[in-house]
Amino acid sequence: MNDPLADLVVHSQRGDADAFAGLVAQTQGGVYNLAYNVLRNYEDAQDITQEIYMRAWRALPGFRGEAKFTTWLYRLAVNTCLNKRRQLRTQLNIVDSDEVLQRLATAESDPVAAALDKERAAYLWAAVDRLPEKYRLVIGLFYQEQRSYQEIAEILSLPLGTVKAHLNRAREALAQSLGQDREGNDASM
Amino acid sequence: MPLCEQIRRQLPQYVADGEPMQAAYSGLREHLRVCPTCRAFAARLRLVEGALRTYPSVSPAPEMAEKIICSFSSESQARQEEWRILPWDVWVPVLAFALAVMIALMSIPSELLSATAAPEWGTVVINWPSAIGAWLNSLRLQLGEGQFWAIWIGIFATTAGLGISLSLSNWTPKHSQSLDRLETGVTDVAARLWDHGRRAP
């Protein structure tokens, strides 16, 4: 399998800390984003990202290159985050609307995002935050991390059909919520 | 299942795929042309798709990478230092093996050692642990040959078993790979020796 990170992985497996630092630099954004999508808290996401890389460093000698390194790393990240989430379940913070608006502001430089109706996009992103965890995970991996259906199936250890079904159910739920919102707005007018 | 419900099940994937002009979707396209409810739902799905494609990622704090690198660097350094003082999964089996070898050597009857043509090693083995050797010999006489060896074999087997199980508890796939390579090497050597033996007159 042609993996652009293969060289860094091989050197890291031999205990080269500089090579592993290179892997961290290239993958930390995706891992942190994934952790945030599960935990919905910046500090927890940062702590767990650190833990994920420590685990990866220890487990790397066992990585045989059967999948892409990022697929292996994301799978490790998902498992670690889900375990952490189980521990934190009672004390999770829900993203508030200010945070959603802040994220909207950061996307403003993107011309496509700017063309969208800001209010509706903010509403939809907030709706994604309210979706069940399994849907949020596939949405994050598909839309934010640009992973293929096959890669997502490998990362989450799910059949390909289930990944597609999760994505379609999430899209359908979001479209329905948008409809309800519109109807709600219409009724209130 | 009513037609609208069937169409609504296909719509999310159809919109996400960019509304392809494939023949498989001709029925769906025809339905959208005549059904305002499904058409409105497709329009909402397009909005959803657009919003999801611009769903922004969160970025980690700039110092996070540095923290991660510091933590695994200190761990790898600690691991190296640990190796210098020998971890338990090395020294326990080594100690068990050394103990077994010492017991075996000390248990060789002195008359047998002096009868063999190895005076230097024999002398070393007999003289160096003479006090322990004398104690072991008296113990052997008191207990009898069978009971004496049963006790020592028991001690050896327990210590070696403990050492091996402690080592295995720290077993990683890398160790399995090394073992596979060793097995392949041994098999290869054995096969060559076997061939050599068969060819020899």
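**Helix packing and chain contact in a predicted two-chain model**

In chain A, residues A:F20, A:V24, A:Q28, A:V31, A:Y32, A:A35, A:Y36 and A:L39 of α2(A) meet A:Y42, A:D44, A:A45, A:Q46, A:I48, A:T49, A:I52, A:Y53 and A:W57 of α3(A). By class, this contact of α2(A) with α3(A) comprises 13 nonpolar, three polar and one charged residues. The model is predicted, and the packing described here is computed from its coordinates. The axes of α2(A) and α3(A) lie 8 Å apart, and the two helices pack at an angle of about 135°. The arrangement of α2(A) relative to α3(A) is therefore oblique. In passing α3(A), helix α2(A) makes a right-handed crossing.

Helix α2(A) also packs against α8(A). The axes of this pair come within 9 Å and cross at roughly 155°. Because angles over 145 degrees count as roughly antiparallel, α2(A) and α8(A) are assigned to that class. The crossing of α2(A) past α8(A) is right-handed. On the side of α2(A), the contact is made by A:N33, A:L34, A:N37 and A:V38, and on the side of α8(A) by A:E133, A:R136, A:L137, A:G140 and A:Q144. The contact of α2(A) with α8(A) has three nonpolar, four polar and two charged residues.

Helix α8(A) has a further packing partner in α9(A). The axes of α8(A) and α9(A) come within 10 Å, with a crossing angle of roughly 135°. Helix α8(A) is therefore oblique to α9(A). This crossing of α8(A) and α9(A) is right-handed. From α8(A), the residues A:L137, A:V138, A:L141 and A:F142 take part, and from α9(A) the residues A:I152, A:I155 and A:L156. The contact of α8(A) with α9(A) consists of seven nonpolar residues, with no polar and no charged ones.

The loop between α8 and α9 (149-156) of chain A contains A:Q146. Although A:Q146 is not a glycine, its phi is positive, at about 55°. A:Q146 has 9 C-beta neighbours inside 10 Å and therefore counts as exposed. Residue B:E19, which is not a glycine, has a positive phi of about 50°. B:E19 lies in the loop between α1 (3-16) and α2 (26-34) of chain B. With 17 other C-beta atoms within 10 Å, B:E19 is classed as partly exposed.

The contact between the two chains takes 42 residues from chain A and 33 residues from chain B. On the side of chain A that touches chain B, the elements giving two or more residues are α2 (17-39), α3 (42-59), α5 (97-106), α6 (111-115), α7 (118-130), α8 (133-144) and α10 (160-188) of chain A. The largest share of this side, 10 residues, is contributed by α2(A). The residues of the side of chain A that touches chain B divide into 24 nonpolar, 12 polar and six charged. From the N terminus on, its elements run α-α-α-α-α-α-α-α-α-α. Of the 201 residues in chain B, 10% are buried. Among contacts in chain B between residues at least 6 apart in sequence, 67% join residues at least 24 apart.

The model scores ipTM 0.72 and pTM 0.59. The average pLDDT of chain B is 75, and 68% of the residues score at least 70. Among the elements of chain B, the highest mean pLDDT (91) belongs to helix α3 (residues 36-53) of chain B, and the lowest (53) to helix α7 (residues 119-127) of chain B. Where pLDDT is low, predicted coordinates should not be read in detail.

Definitions and conventions:
Residues numbered from 1 in each chain as written. Chains lettered and ligands numbered in written order. Predicted model: local features only at pLDDT ≥ 70, side-chain atom pairs only at ≥ 80, totals over all residues. Contact = placed C-beta atoms within 7 Å. Helix = DSSP H or I, 4+ residues; strand = E, 2+ residues; numbered from the N terminus. Nonpolar A, V, L, I, M, F, W, Y, C, P; charged D, E, K, R; others polar. Buried ≥ 20, exposed ≤ 12 C-beta atoms within 10 Å, placed from the backbone. pLDDT = per-residue confidence, 0-100. Axes fitted to C-alpha atoms, helices over the stretch in contact; angles between N-to-C directions. Parallel < 35°, antiparallel > 145°, perpendicular 65-115°, else oblique. Left-handed = near helix turned anticlockwise from the far one by under 90°.
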